[in-house]
Each structure stands twice: as structure tokens, then as C-alpha cells.
Amino acid sequence: MNSVTRNLANLMKTSSINVGGPTTQMQWRGIRVKVTGTLEQALGLMQRKMTSSGMERLIRRQANHHVTDSEKRVLARKNLQRMIRSQDLGRKLRSILLQKARFV
């Protein structure tokens, strides 16, 4: 958990980049954790929030982290679900447009 926190701190420090011209600001997702108990509980809560929001995966990807087989399966399943949803949306839109064209 310390390495993830350290990488997150490094990412937040380098929030602007120079791409062959004026400095452009990159958008970062933020996570806020309110410390009500001990610091260990707050760090655990932050770790869970980072994992659920996908920020931990972004940090690992940037650090050239080895992607395990289980992570590959999860990512493949999510990509497949995203493709199916977009195809379903396309079918629905096509059917709506065809119905509108028939009534005109």
C-alpha cells in the first residue's frame, strides 16, 4: 500500500506537462477520505476507494506494472461488456431512426 500511496503522491506533484508548446493541465481524479478513526483505517478506506474507482489500475499501468492473468480477465470482461452496451445502444438508435423514417 505504501508504494501505491507514493506513486499517487508523485502523480499529483506532476500535474502539468509540456507538449511542444504552452504548458497544458492534465485532469486528475481525486479521492477524499475523512479521518474519523485511526490513520490505518483511513489508509485502508483510501485503498478500497482507489481500487473501486480504477485509480490504482491507472497508477500501476503508468509504473509498467505486470498485469496478472486475473487482471487481464477482469479487463477483458469489462471491455466486452462495454462493447456489448455500445452495440445495443447502436441497435436501439437504428430501430428508433427507422421507425421515425417510416412515419414520415
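1. Methionine 83 sits in helix α4 (residues 69-103); helices here are DSSP runs of H or I with at least four residues, strands are runs of E with at least two, and both are numbered from the N terminus. Methionine 83 is partly exposed, at a relative accessible area of 47% (buried is under 20%, exposed over 50%, partly exposed in between, with a 1.4 Å probe and protein chains only).

2. The model is predicted: local features need pLDDT of at least 70, side-chain atom pairs count only at pLDDT 80 or more, and totals for chains, interfaces and linings use all residues. Residues are numbered from 1 along each chain as its sequence is written, and side-chain values use heavy atoms, with hydrogens and water left out.

3. The protein chain has 4 helices and 2 strands, in the order α-β-β-α-α-α from the N terminus. Of its 104 residues, 12% count as buried.

4. Helix α2 (residues 39-53) has 15 residues and should span 21 Å at 1.5 Å a residue; its end C-alpha atoms are 21 Å apart, which agrees (the expected span is 1.5 Å times one less than the number of residues). Ala42, Gly44, Met46, Gln47 and Met50 are the buried residues of α2. Glycine 54 follows α2, with a positive phi near 90°.

5. In helix α3 (residues 55-62), Met55, Glu56 and Ile59 are buried. They lie on the same side of α3, because they cover an arc of only 100° around the axis (taken from the directions from the helix axis to the C-beta atoms). Asparagine 64 follows α3, and its phi is positive, near 55°.
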